[in-house]
Each structure stands twice: as C-alpha cells, then as structure tokens.
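Today I am looking up a ligand site and a strand.

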Amino acid sequence: MSLRDGSSRDGYSRDGSIRERPAPEAASRTLHVAKSDIAAIERPIPSGTNAAGFGSDVVAETLRDLDIPYIALNPGASYRGLHDSLVNHIGNASPQMLLCLHEEAAVAIAHGYAKVTGKAMAAAVHSNVGLFHATMAIFNAWCDRMPILVLGATGPVDAAKRRPWIDWIHTAADQGAIVRHYTKWDDQPASPAAAREALLRASWLANTAPQGPVYINLDADMQEAALDKPLPAIDPKRFMPPVANGAPAELIKQAAAWLTGAKHPVILAGRVSRDVAAWNSRVALAEATGAHVCTTPKAGAAFPTDHPLHIDAPQPFTKDDLTPLLGEADVILSLDWVDLAGTLKPLGGPPAGKVIQVSLDHQLHNGWSMDYQGLPPVDLFIAADPDTVTTALAAAIGPVPSKIKGQPRPLHEPKAGRKDTIGIEDLAQALRGAVGRRDVTLTHLPLSWQGSFWHFRHPLDFLGSDGGAGVGGGPGISVGAALALRGSGRLPVGICGDGDFLMSVTALWTAVHYRIPLLIIVANNRSFYNDEVHQERIAILRNRPVDNKWIGQKMLDPEIDLCGLARAQGARGFGPITRIENLAAAFAEAVAAVENGEVAVVDVRIEPGYGARNASAAMHRKSG
Ligand SMILES: Cc1ncc(C[n+]2csc(CCOP(=O)(O)OP(=O)(O)O)c2C)c(N)n1
Ligand SMILES: [Mg+2]
C-alpha cells in the first residue's frame with residue numbers, strides 16, 4: 001500500500017502543478033482549532049494606566065506595531081521591564097507570550113514558525129545565560145536561513161546602577177559577541193528611540209532575503225527608566241521597504257536560452273519558499289525544458305517527488321541517480337541548492353555542462369561559520385531570489401509542449417512477511433495508512449528516514465531539516481510549525497529520533513499549555529545510533545572490535561519512559577509500540593487525539609536501521 005494509494009497525482013494536476021482541489025473529507029475535520037484559542041490563555045487583568053511611560057513600553061509597542069504575533073520566552077530579571085510592558089502595557093497580545101521551559105525551545109519554536117510562514121516571530125532570552133542556552137537553536141536557524149527576532153537583555157550597562165553580584169554576573173561587555181557570527185545583525189541600543197529603530201532594522205533585516213536570525217540586546221536600565229517624553233509617532237511600514245530581488249532581464253534571457261537549448265538539463269531545487277505559485281512555476285519550468293529535478297531533505301519540499309521528472313527520492317547524502325545525470329548534463333540550474341560544490345564533488349572535477357547558480361546566499365557568508373560550503377564552479381551567477389527567477393524563466397520560455405519523461409518513482413515498501421521487530425520503513429508505512437488522505441506537514445524527520453517513504457506534493461508537505469545538524473531541534477521546531485499551522489486543516493507530524501526528542505522534550509509543554517495540536521512520533525532505537533555507525537566505521541578502519549560500538553551510545557538500563565515524559569507534561573502518550581501489528585491502532589488513536597486538539601507522542605521501538613548507516617557510509621565513501 002502506498003501513501004494516498006490510487007491518488008498518486010492527486011496533489012497536482014496532469015501538468016504537475018497544484019490546483020485548487022476539494023478538501024479531503026478527513027482534512028475538513030482536521031485541526032479546526034480557532035486561532036483565537038491561544039489568545040484566551042493567560043489574559044492579564046487590565047492595568048488601568050496605559051500611556052507609554054518607560055523605555056520597555058516603547059519596545060513592546062514597537063513589537064506590536066511590527067505585527068509580531070508571538071514572543072516565545074523563558075523569563076529573567078534582565079528583561080523584567082520588557083516583561084511588564086508586554087503584560088501590563090500592551091495586554092499580552094500581539095505579541096502574546098509563549099512560555100517555554102528552555103531557551104533552546106523558545107528559539108526553535110520561532111524557527112519552526114518561520115519555516116511555515118516565512119516570517120519572523122520573536123523569542124526572548126535572559127541576559128548572557130539565557131542566550132547561552134539559545135545558541136544552538138540560533139545556529140540551526142542561521143544555517144537554515146530562517147528569520148527570528150531574538151531579544152535579549154543585559155544588566156545595567158551603567159555599572160553604578162547594577163545590583164550587587166547578580167547584575168554583574170549577567171552583564172558582559174559585548175553580549176552580542178556570543179551570537180554575532182551566526183546572526184545577520186545585532187545591536188545594543190542605548191535609548192528607547194534607538195531601541196525602536198533597532199527593532200525596525202532587525203525585523204527588516206531578518207525578513208529580507210537571505211533571511212536569518214537577528215539579536216537585540218536591551219539594557220535593563222534603558223528598559224526600566226521612565227521616558228522623558230513620548231517618541232514621535234512613526235509608520236513602521238516606511239522603515240520596512242520591500243527589497244526587490246529580481247534578476248536583470250539579460251541574465252534571465254541568457255539562462256532561458258541555455259535551458260531551452262539543453263538536451264540534458266538538471267534542476268537542483270534547494271532553498272525555495274513555501275509559495276504555491278512558485279512551486280507551480282518550478283513544475284512548469286521543468287516540464288517545458290524536460291529537466292530532471294532533484295530536491296533535498298535539507299530544505300523544505302520544492303517539487304513533487306512523485307513527478308516523473310523528479311530524480312530519486314530526496315536523500316541526505318547519497319545521490320546515486322544524480323551523479324551520472326550531473327555528469328551528462330549540459331546545463332545545471334541550482335535554485336539556491338544547499339552545498340552545490342559538495343554535490344558536484346563526486347564527479348571528480350568540474351562538470352562539463354554549464355552551471356547556473358541562483359542565490360543570494362553569498363550576502364551572508366562570513367569568516368567564522370563555514371556553513372557556506374565549498375566554492376562551486378559557476379558559469380552564470382544570478383544574484384536573485386530563486387522563486388522570482390523561476391517564475392521569470394518559466395515566463396521567458398513560455399508555454400511549450402511538456403517534455404515529461406520517465407515514470408514516477410514508487411514509494412518504498414517494506415518487504416512482505418512477518419517480522420518480530422519494527423523498522424523505520426514499517427513506521428512510515430503504518431503512518432501513511434493512519435493519515436490516509438489528510439494533508440500532512442512533516443515538521444521534522446529523523447536521520448534514519450528515507451526520502452522514498454513519503455511523497456511531497458505541496459510546499460507545506462515537508463519543512464526541511466533543522467539546518468545546523470544540531471540534535472535537539474526537532475521537538476521545538478515541530479511545536480513552532482504546529483503553531484503556525486493551527487487552523488490550516490493540516491496535520492503537523494514531527495518524527496524525531498529518541499536522542500533528538502530527549503534533548504528537548506520539554507518543548508512539548510508549551511504546545512500542551514497553549515493548545516497547539518501536534519503529533520510527535522519517536523523513532524526510538526534507544527541509542528544515539530548515528531554515532532554507533534561512526535564507531536563501527538572507525539573500528540573497521542582500525543581493525544578493532546566492532547561489537548563495542550554501542551558503548552557510550554545506547555540509552556539502556558534504564559530504558560527511558562518516553563510516554564511518561566509526554567504524559568508528565570499533559571500530552572497523550574502512546575506506546576511503547578514494539579510490534580508492527582500494533583502500530584496502526586496506535587497511530588489512529590494518536591491522530592484522533594491531535595484532531596481533538598491534543599498533543600500526542602507515539603513511542604515506536606524501532607530497530608536501528610539503514611538510514612543512519614547509509615548516511616554515515618556515504619560520508620565515508622572516500623575513506624575506504
Ligand atoms: C547537539 C548535538 N549533539 C550531538 C550531535 C552528534 N550526533 C549526530 S546524530 C546523533 C544521534 C542522534 O540520536 P537520535 O536522534 O536518537 O537519532 P539516531 O541516530 O538514533 O537515529 C548525535 C549524537 C549533534 N549533531 N548535535
Ligand atoms: Mg536514536
């Protein structure tokens with residue numbers, strides 16, 4: 001049985017593009033939670049006086065004027081002024097606080113929200129210590145090119161105003177230095193007027209392509225000091241000029257000529273938006289040129305994976321089908337492909353065909369983080385937004401007879417026959433059955449996942465990876481994505497490794513507390529298994545016992561009660577599921593719970609599988 005059996009082309013029309021379609025019956029009852037529900041939670045009593053009187057009131061008002069819907073936070077005295085302003089000055093609405101149990105979760109939630117909406121929400125963290133906790137999540141968002149407005153605070157910069165001990169500990173001369181190398185911009189404004197300007201600039205920069213997190217550090221004294229006089233009113237929109245990221249006409253003409261003249265074009269569809277019109281343009285461009293298209297699980301869904309022109313399934317490392325095609329390609333079009341040089345590397349030298357790179361990413365490259373990857377050979381560089389360029393190219397090439405070739409790739413099916421243990425492929429198959437024809441957003445996938453388990457037919461079917469390969473991002477990113485998907489009719493499903501889940505399981509409490517429906521499935525192999533594979537590899541290379549690979553990796557004795565961790569936070573826990581025949585019922589119940597507005601966690605005891613093994617093997621291909 002395959003996903004949405006019998007409807008393999010259902011998500012898009014004969015020509016591959018998405019058309020309006022009647023909502024599947026199931027979807028109409030899915031997750032119709034009124035957006036206003038969250039707003040009813042944690043209502044403050046009216047504060048009476050409400051004129052802006054303090055520096056932090058200006059900060060809160062600016063966030064409101066910027067239409068920031070939520071501010072995920074963990075509290076701290078360094079921003080007690082702002083905290084008060086958010087609650088008692090603007091009434092805990094726009095932005096509304098989302099209390100998180102860890103700063104990493106606060107930022108990851110904002111990350112997941114941006115993955116769905118393409119827009120920054122805010123996260124607030126306490127002085128240097130909260131920022132330290134937040135760093136990995138900020139790094140993930142940076143590598144994923146996702147916008148977040150991170151607000152922090154410092155003890156009074158004016159030492160004479162510091163409380164003994166604690167304010168000194170929580171003051172650093174240059175707090176922004178903690179995150180400067182993996183944020184787009186940071187600032188420490190010295191007055192309310194400067195804070196307002198900093199927030200406007202931060203929001204504009206974060207949301208402008210190439211997007212990324214920004215950090216504003218608010219001086220405690222600036223927040224708490226009474227305002228001398230009100231600031232002059234401004235229209236924030238005038239400080240947010242849209243930045244046109246289109247391509248010059250002659251470059252589009254050149255690229256269109258190369259593509260139409262190509263016999264074996266290949267499109268590498270990388271970091272693109274969740275926009276349906278842009279998705280349809282990519283399909284139109286591929287069909288008009290007959291280009292094979294490759295997508296990656298590092299970025300969100302970019303092309304229908306069951307389209308005949310889609311090469312292989314999205315895979316993290318191996319591209320067995322892709323390399324020969326890149327070798328024979330006469331034109332390679334990269335739409336901000338993550339790691340173009342690394343993808344071309346298996347060719348053993350620069351490709352014979354012409355390379356067109358469409359990307360704005362070079363604007364973010366710095367000397368600290370090497371997430372910019374290797375330097376690819378490029379014959380035509382188009383410094384523009386990939387969506388805009390795709391639409392322009394499709395228009396320039398115009399409607400031509402479709403050059404679809406090949407057959408859609410079927411989904412991977414587990415081998416038939418009785419098995420005593422559950423593999424990740426069994427988990428995937430049972431989940432496909434349980435969700436049926438619902439619109440699902442896969443908010444996160446584990447390392448062992450194979451692209452061939454699931455088809456993506458809409459830009460929101462899959463949101464891409466955590467960006468920075470920082471384990472522990474999955475739960476928070478899933479909560480943030482689910483927050484953004486509330487009321488959309490989509491079922492958010494995050495599938496996490498047990499290591500990933502355990503590192504930030506307390507992100508789930510925020511989802512439960514704010515009534516954010518979400519299904520989390522734990523692909524639980526009781527191990528940081530990816531690293532068992534690494535130890536196995538090293539042992540083989542050094543001729544040492546492979547049987548020791550589990551030491552320092554397996555989470556046994558005691559086994560961890562994952563459902564207990566879920567239930568302790570008010571989520572529903574299903575499992576542990578140890579037998580294939582029990583998967584379907586557990587998933588069905590969990591989906592029903594989520595449709596009822598709950599957070600559900602299913603603990604599936606999988607046998608360590610081939611996903612991580614393949615990935616690791618691919619990483620070490622060259623090392624023997
Ligand atoms: C913050 C962080 N710590 C450690 C690692 C190294 N690491 C990469 S994958 C992995 C295992 C993750 O375990 P799990 O989520 O259970 O997935 P599995 O490999 O078992 O499928 C680890 C520890 C990392 N990438 N990030
Ligand atoms: Mg694991």
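How far is a backbone N or O atom of Asp 500 from an oxygen atom of ligand 1? I find 3.0 Å, which I log as a polar contact (a pair of N or O atoms within 3.5 Å).

A note on sources: this is a predicted model, where local features need pLDDT of at least 70, side-chain atom pairs count only at pLDDT 80 or more, and totals for chains, interfaces and linings use all residues. Residues are numbered from 1 along each chain as its sequence is written, ligands are numbered from 1 in the order in which they are written, and side-chain values use heavy atoms, leaving out hydrogens and water.

Ligand 1, continued. I see a backbone N or O atom of Gly 499 at 2.7 Å from a ligand oxygen atom. For Asn 525, I get 2.9 Å between a side-chain N or O atom and an oxygen atom of ligand 1. I note that the protein covers 76% of the 580 Å² of accessible area that ligand 1 has on its own (Shrake-Rupley method, 1.4 Å probe).

Next, strand E14 (residues 518-524); strands here are DSSP runs of E, at least two residues. I count 7 of its 7 residues as buried, so the strand is largely enclosed by the rest of the structure; buried means under 20% relative accessible area (1.4 Å probe, protein chains only).

Its neighbours: I find 5 bridges joining E14 to strand E13 (residues 491-497), running parallel, with Gly 494 partnered by Ile 520. E14 also pairs with strand E16 (residues 599-605) in the parallel sense over 7 bridges; pairing takes at least two DSSP bridges.

How values were computed:
Buried means under 20% relative accessible area, exposed over 50%, partly exposed in between (1.4 Å probe, protein chains only). Helices (H or I, at least four residues) and strands (E, at least two) are DSSP runs, numbered from the N terminus. A polar contact is a pair of N or O atoms within 3.5 Å; within protein, one must be able to donate a hydrogen and the other to accept it, and residues adjacent in sequence count only if both atoms are side-chain atoms.
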